[in-house]
Amino acid sequence: MTSPSLRLYLRDHTRQAHQELDRTIGRLDSADAYGSFLRASYAHRQPVERYLAGADWPAAFGDWRPTELGPLIAADLADIGAEPPVSPSFDLSKDIASLVGVIYVLEGSALGAKLIRRMAGALGYDENHGARHLARQERLGSWRGLLAIMERLESIDLAAAVRAAETTFEQAASAMRENGFGR
Ligand code: HEM
């Protein structure tokens, strides 16, 4: 299965999970809501990025590696005078299909960054203060790199990739709920 179809397969099979997450977060229309979003984003990304850091990347990935946003989110939190939360570890198999499902969710989230950055901008946050990680995501280079790699991948276990992507969305949703959203 080639890149457009692998990506579209994952998109189709996680559409509902994304919609639920989107609904849980809602509009970021106050400094409080944005602060919660930053804490939740850190609680989501940091454990998943730690999981990815221990991966053994197949040759098809060349020197591409997933974007590490944790440090930039920590800087955004420092800008608003908040501490990064501590969150449970993310435990999942590191087979190639699971890795692909997880990085699809993390890297694909960059596609929504422009919209979120607009909300953050209306609250006075920008690439130098409070919205550093969104500015980084908006550049989309890493996402495009991943699409090209997905094109070169062969024989991916689609069911395992979807399960990993769903698990990642669920982990994000629970990080959001634990930080004040969707109650
Ligand atoms: C308020 C929060 C969010 C909003 C408003 C939002 C919005 C969007 C938008 C507008 C897109 C682009 C859809 C397209 O171009 O077809 C998108 C894509 C995506 N988002 Fe989100 N998003 C949010 C949060 C998240 C989070 C927290 C994650 C991950 C945990 C995530 C994962 C994804 C993925 C994987 C895609 C790629 C779908 C594809 O393959 O095209 N999003 N999002």
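How many nonpolar, polar and charged residues does the shell around the ligand have, by class? The shell has 9 nonpolar, 4 polar and 3 charged residues. Please keep in mind that this is a predicted model.

**Around the ligand**

- Of the 16 residues around the ligand, those that come nearest are Arg11, Gly108, Ser109, Gly112 and Ala172.
- Four helices each supply at least two residues of this shell: H1 (3-25), H4 (96-108), H5 (113-122) and H8.
- H1 gives the largest share of the shell, with 6 residues.

**Helix H5, one of the shell's suppliers**

- Which residues of H5 are buried? They are Ala113, Ile116 and Ala120.
- These three sit on the same side of H5, because the arc they cover around the axis is only 65°.
- As a reminder, an α-helix has 3.6 residues a turn, so residues three or four places apart point the same way.
- The buried residues of H5 pack against H2 and H6.
- On the face turned away from that buried side, H5 carries the exposed residues Lys114, Leu115, Arg118 and Ala122.
- Just after H5 comes Gly124, which takes a positive phi of about 95°.

**Helix H3**

- Helix H3 spans residues 70-79, and its buried residues are Gly70, Leu72, Ile73, Asp76 and Leu77.
- Why do they lie on the same side of H3? The reason is that they cover an arc of only 165° around the axis.
- The cover over these buried residues includes helix H2 (31-53) and helix H6 (132-138).
- Just after H3, a positive phi of about 75° is found at Gly81.

**Helices H2 and H8 together**

- H2 packs with H8 (residues 158-178) at an angle of about 145°, and their axes are 7 Å apart.
- Is the crossing of H2 and H8 right-handed or left-handed? This crossing is right-handed.
- From H2, the contact is made by Ala40, Ala43, His44 and Val48.
- From H8, the contact uses Thr168, Gln171, Ala172, Ala175, Met176 and Glu178.
- By class, the contact of H2 with H8 has 6 nonpolar, 3 polar and 1 charged residues.

**Pro85, in a loop**

- Where is Pro85 placed? Look for Pro85 in the loop between H3 and H4.
- Pro85 counts as partly exposed because 15 other C-beta atoms lie within 10 Å.
- Not counting residues up to four places away in sequence, Pro85 touches Arg39, Tyr42, Ala43 and Asn179.
- Pro85 is 32 residues from Ala53 in sequence, and C-alpha to C-alpha the two are 19 Å apart in space.

**Ala33, in a helix**

- Ala33 has its place in helix H2.
- Is Ala33 buried or partly exposed? Ala33 counts as partly exposed, because Ala33 has 16 C-beta neighbours inside 10 Å.
- Although 148 residues separate Ala33 and Phe181 in sequence, their C-alpha atoms are 8.3 Å apart in space.

Technical notes: Residues numbered from 1 in each chain as written. Predicted model: local features only at pLDDT ≥ 70, side-chain atom pairs only at ≥ 80, totals over all residues. Buried ≥ 20, exposed ≤ 12 C-beta atoms within 10 Å, placed from the backbone. Arc of directions from axis to C-beta. Contact = placed C-beta atoms within 7 Å. Axes fitted to C-alpha atoms, helices over the stretch in contact; angles between N-to-C directions. Left-handed = near helix turned anticlockwise from the far one by under 90°. Nonpolar A, V, L, I, M, F, W, Y, C, P; charged D, E, K, R; others polar. Near = placed C-beta within 6 Å.
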